[in-house]
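Hello,

Here is the structure I promised to pass on. Please have a look at it first; my notes on what turned up follow below.

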Amino acid sequence: MPDIIRLLPDGIANQIAAGEVIQRPSSAVKELMENAIDAGATDIRVIIQDAGKALVQVTDNGSGMSAADARNCFARHATSKITGIDDLFHIKTMGFRGEALASIAAVSEVILKTRREEDEWGTCIEIDNTTLRKEEPVAMAKGTSISMKNLFFNVPARRNFLKSNASEMRHIVEEFMRIALAFPEIFFSLVSGSQEMFHLEKGSLKQRIVQLLGNGYNARLIPVQENTDYLNIFGFAGKPDTAKKTRGDQYFFVNSRFIKSPYLHHAVMTAYQELIPADSFPVYTLFIDIDPSQLDVNVHPTKQEIKFTDEKIVYAFVQAAVKHALAQFSVTPTLDFDL
Ligand code: ADP
Ligand code: MG
């Protein structure tokens with residue numbers, strides 16, 4: 001009998017790995033926006049065509065890349081953000097796995113344009129199916145623009161699995177809003193087809209929440225702020241009369257990263273217990289800043305689930321912070337200021 005084990009070619013291995021990171025157009029929106037943030041951008045513009053099935057383009061004014069880095073950033077496990085396993089416990093960046101661009105390049109046609117401040121020319125690279133098709137110098141402003149075209153053109157089974165444009169667009173707006181909420185000091189825009197859906201000038205957190213969730217919240221947000229040696233909590237909780245019968249507009253961020261946590265959601269719910277009807281949901285945008293060594297963000301590739309070293313303490317702090325804020329509000333109902 002001959003030996004039967006073979007190494008998969010890079011293109012196939014990347015296509016398989018891509019399934020974990022890039023499930024739909026909105027996954028690319030998230031990954032590309034996070035890369036722009038990690039590059040120190042203050043201006044991030046997202047352009048979508050055909051709900052991201054034809055095009056997702058993210059343009060930033062961040063650090064840019066050298067020509068060699070522009071070629072290398074599409075390799076699997078290529079990252080400038082960590083060098084060793086110890087770094088995993090001190091992560092300050094949104095990315096660190098070096099998987100996003102490799103995954104995107106394996107399942108779409110990519111055009112990258114990038115220029116650093118110190119370089120006279122930028123670099124334009126075209127890749128599809130993990131193969132470099134073209135590289136040439138390009139005149140451009142400092143920063144990076146990545147276009148992901150025809151997602152899953154080479155994986156028909158996954159392309160067929162994509163939902164209606166309305167549904168894919170909802171996912172995109174959701175990812176866009178999560179990131180825009182966490183970085184009010186950055187300008188963001190989102191254009192879909194010929195329509196500018198969001199145009200978010202830089203401002204305070206409160207201004208960003210109002211831009212995204214609606215003017216109705218302007219006078220109906222209670223500041224939450226508790227600082228301890230272990231963690232800091234800040235953000236806004238809606239006044240009890242903003243509670244809704246349906247879920248939505250509940251946001252938790254840990255070290256600027258959006259997370260899903262039924263456990264911490266429960267902590268907030270109990271803080272509101274006596275104030276809102278049992279079948280309704282409070283609106284909140286809460287940030288927890290904690291020493292990265294106290295958590296493990298490496299649990300899931302999309303990083304939406306995290307593990308706290310001591311979950312119970314975090315629960316207690318969140319509950320106390322929201323309770324405290326709500327109590328202050330009912331004593332002084334006009335209290336209202338920007339963080
Ligand atoms: P990760 O973000 O986990 O490092 P990615 O595949 O998303 O992995 O990106 C690979 C590398 O490409 C990054 O570490 C970074 O050095 C570079 N890069 C990606 N996007 C940008 C960007 N918008 N601006 C500057 N550098 C970028
Ligand atoms: Mg990344």
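**What was found**

Start with a strand pair: Ile-125 stands opposite Glu-135 in S5. Please keep in mind throughout that this is a predicted model.

**The S4–S5 hairpin**

Strand S4 covers residues 122–128 and pairs with S5 in the antiparallel sense. Seven bridges hold the pairing. Two residues sit between the strands of this hairpin, and Asn-129 there takes a positive phi near 50°. Is S5 enclosed, or does it lie in the open? Strand S5 runs over residues 131–138, and the number buried among its eight residues is zero, so it lies largely in the open.

**Two domains**

The protein is divided into domain 1 (10–200) and domain 2 (206–331). Their C-alpha centres lie 29 Å apart. The contact between them takes 15 residues from domain 1 and 16 residues from domain 2. On the domain 1 side, helix H1 (10–21) and H6 each supply at least two residues. H6 gives the most to that side, with five residues. By class, the side of domain 1 that touches domain 2 has 11 nonpolar, one polar and three charged residues.

**The core**

In soluble globular proteins, nonpolar side chains tend to be buried together. Here, the largest nonpolar core has 83 residues. Which of them touch the most other members? They are Met-33, Ile-104, Ala-180, Val-224 and Val-318. Helix H6 (residues 165–182) gives the most to this core, with eight residues. Domain 1 (10–200) and domain 2 (206–331) both contribute residues, so the core lies between them.

Take Ile-104 as one of these members. Neighbours within four places in sequence aside, Ile-104 is in contact with Ile-22, Ala-28, Val-110 and Met-148.

**The five-stranded sheet**

Five strands form an open sheet. Their order is S9-S10-S13-S11-S12, and the pairing is mixed. Strand S9 (221–227) and strand S12 (257–259) stand at the edges. Each has a single partner strand, so one side of each is left without a neighbour in the sheet. On average, neighbouring strands are turned by 20° against each other, direction ignored.

Within the sheet, strand S11 (residues 250–254) and strand S13 (residues 284–290) run parallel. Five bridges join S11 to S13. Val-254 stands opposite Ile-288 in S13.

Two helices come up here. H6 lies across S11, S12 and S13, and runs at about 60° to S11. Helix H7 (residues 205–213) packs on the sheet as well, touching S9, strand S10 (231–238) and S13. The direction of H7 makes about 40° with that of S10.

**The loop between S11 and S12**

Look at two residues in this loop. Asn-255 lies between S11 and S12 and has a positive phi of about 45°, although it is not a glycine. Ser-256 is in the loop between S11 and S12 too. Its phi is near 75°, again a positive value in a residue other than glycine.

Are they buried or partly exposed? Asn-255 has 20 C-beta neighbours inside 10 Å, so it counts as buried. Ser-256 has 17 other C-beta atoms within 10 Å and is partly exposed.

**Helix H7**

How many of the nine residues of H7 are buried? Seven are, so H7 is largely enclosed by the rest of the structure. The buried residues are Leu-205, Lys-206, Arg-208, Ile-209, Gln-211, Leu-212 and Leu-213. They pack against H6, S8, S9, S10 and S13. Just after H7, Gly-214 takes a positive phi of about 125°.

**The S7–S8 hairpin**

One more hairpin to finish. Strand S7 (residues 187–192) and strand S8 (residues 195–200) run antiparallel, joined by five bridges. Phe-188 has Leu-200 in S8 as its bridge partner. Two residues lie between S7 and S8, and Gly-193 in the turn has a positive phi of about 60°.

Best wishes

Conventions. Residues are numbered from 1 along each chain as its sequence is written. Chains are lettered from A and ligands numbered from 1 in the order in which they are written. This is a predicted model: local features need pLDDT of at least 70, side-chain atom pairs count only at pLDDT 80 or more; totals for chains, interfaces and linings use all residues. A nonpolar core is a set of buried Ala, Val, Leu, Ile, Met, Phe, Trp, Tyr and Cys residues joined through C-beta atoms within 7 Å. A residue is buried if 20 or more other C-beta atoms lie within 10 Å of its own, exposed if 12 or fewer, and partly exposed in between; C-beta atoms are placed from the backbone. Helices (H or I, at least four residues) and strands (E, at least two) are DSSP runs, numbered from the N terminus. Domain bounds come from an automatic or database domain assignment. Two residues are in contact if their C-beta atoms, placed from the backbone, lie within 7 Å. Two strands pair if DSSP finds at least two bridges between them. Axes are lines fitted to C-alpha atoms, for helices over the stretch in contact, and angles run from 0 to 180 degrees between N-to-C directions. Ala, Val, Leu, Ile, Met, Phe, Trp, Tyr, Cys and Pro count as nonpolar, Asp, Glu, Lys and Arg as charged, and the others, Gly among them, as polar.
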